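This report describes selected local features of a single model. Please consult the sequence and structure shown below while reading.

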Amino acid sequence: MRKRLLSIVVMVSMIAVLLSGCGNAEQKPEEGNSAAAESAETEGETGADHSDGSAADDGEQVTIRFMDNMASEVRDRAYEEIIANFEKENPNIKIEYETVPWDQSHSKLVTLGSTGTMPDVVQVHPTWISEFVNAGWIVGLDSYLENYEYKDGFTDYTRNVLFDQTQRQVFGDVYVIPDAILTNGIFIRTDWAEEAGVEYDDWTWNEFLEAAQKMTDKDNNRYGIAFRGGRAAYHQAMFLLYSQTGGRVYDEEGNCLFNSPECVDIFTRYIDLYKEGNTPEDAINWGFAEMCSAFTSGLSGMLNQTCEVIEMCEQNLSDDQWTVAILPSSDADGKIYNEISFSNGYAVAQNSEHKEAAWKFIEYLSSPEAAKIYCKTNLLIPVQKEALEDEFFTSGKMAGYAEMFKKDNLVAWPELGYFAEVGEFRETFADAEVQKCMQGQQTPQETLDKLAEFLTKYQKEYMKENPDVEIPMPKDTQALN
């Protein structure tokens, strides 16, 4: 395996179960082991040695740093309440709360990790787990989880998928405790859809593409879709590509399937939405904030996003103007291929001098009490059964997502791979190639050929070096019912 910092797309699955249960850069994980586990002889690296002299051990007053990497007023409100409650219960531990904007968070944490100055409690996006584990920046948490009061309260989905399948089976330990569950739906202007004759009940991706054209009215400054052309531009296209590959990334030999004729066809029609003016020209630079603003301001009629956006809509649109439609299904097999992951997770920094106190805070962040505050404020799905049972999460604002979770044709995306270069693919390579296509510098076929060539090369190298690791596969969310 190439000795780079890893960054993995930790895609997850089996959302129905959720509801029914409702190192250094030189190291690499071996089967049943992990980068941090390999260096467990170093005191405290996996969290096995809990006597770090922190407040949780000796009662002395300590201060630990905690950084939220998706800064917003809403998140601040939730964390401030949670921190106040925690400090009241734990007067010997003070939380120093820091924030950083999402678009700067990855580079910020990489800098802090490289210099050994990460906050004690690190907020880790699922796509960064491999990178941080193999860099040795975060510690294993299984030894802490063994004695966690609410360890049996995690939903089956969290335990079976987010802990076992995406962490223990790959790295040999749990390094990140998920904060909440995220998945996508289509925000749609119901008034525009009615005017344009658009139906969005049990629709397909072809019907979605047609709807974007029908809902475009340039004379009235209306555009059918909030297109994402900036950071994570490739990510929106993945929904359509997976619908043509049966949810797979690779064939049995490790060849990427994203440049198949079917993928090229639907990707071409997707890119044409931008080229033909079904979204504003400056959408080529849009990231999360810009595309959400385009929808809530009345510039765009559809938005593919997570439930976090619900509150933005409620603040800017009347109830009769919008809804959350279930994600379109594949025209090929009728299944809904969706990314089902967690929002961010909590980890203990290797450089922390107060690991025990840091874990104690993570324990509280993951408790049902804190989960209700955090998830209700941010409109996310809890990972604790007790919190999930609250009526708030199965009705009202969350109903559009809840309905999709009940679908028996819902399938979760697989990981793009476990090789180091997944980080490069996600953070730089894929977006740059999609932008070239949007600008007309290369054809859709050439773009997908480059993406497939990249993933094929490193997947095959990984398979050669790790013959016992299975090729990432999509998972039917009904499989564990």
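The model is predicted. Within it, Ala 294 belongs to helix α13, which spans residues 288–296. Its relative accessibility is 3%, and Ala 294 therefore counts as buried, the cut-off for that class being under 20%.

When neighbours within four places in sequence are set aside, the contacts of Ala 294 are with Ala 226, Trp 286, Leu 299 and Ser 300. A further relation concerns Arg 222: this residue and Ala 294 are separated by 72 residues in sequence, while their C-alpha atoms lie 9.9 Å apart in space.

## Aromatic pairs

The structure contains 34 aromatic pairs. One of them is formed by Phe 425 and Phe 454; the ring centres are 5.5 Å apart, the planes make an angle of 50 degrees, and the pair is classed as tilted. This pair connects distant parts of the chain, with Phe 425 in helix α19 (residues 422–438) and Phe 454 in helix α20 (residues 444–465), 29 residues apart. Both Phe 425 and Phe 454 are buried.

Ring pairs also join a set of residues into a cluster, made up of Phe 66, Tyr 79, Phe 86, Tyr 97, Tyr 346, Phe 361, Tyr 364 and Tyr 374.

## Thr 183 in strand β5

Thr 183 is located in strand β5, which covers residues 181–189. With a relative accessibility of 1%, Thr 183 counts as buried, because the class takes in values under 20%.

The side chain of Thr 183 takes part in two polar interactions. A polar contact of 3.0 Å links it to the side chain of Asn 338. The side chain of Thr 183 also reaches the backbone oxygen of Glu 339, again at 3.0 Å.

Strand β1 (residues 62–68) pairs with strand β2 (residues 93–99) in the parallel sense, over 7 bridges. Within this pairing, Val 62 has Ile 93 of β2 as its bridge partner.

Key. Residues numbered from 1 in each chain as written. Predicted model: local features only at pLDDT ≥ 70, side-chain atom pairs only at ≥ 80, totals over all residues. Heavy atoms only, no water. Helix = DSSP H or I, 4+ residues; strand = E, 2+ residues; numbered from the N terminus. Buried < 20%, exposed > 50% of the residue type's maximum accessible area, 1.4 Å probe, protein only. Contact = heavy atoms within 4.5 Å. Phe/Tyr/Trp six-rings, centres within 6.5 Å; stacked < 30°, edge-to-face > 60°. Polar contact = N/O pair within 3.5 Å; in protein donor to acceptor, adjacent residues only side chain to side chain. Pairing = 2+ DSSP bridges.
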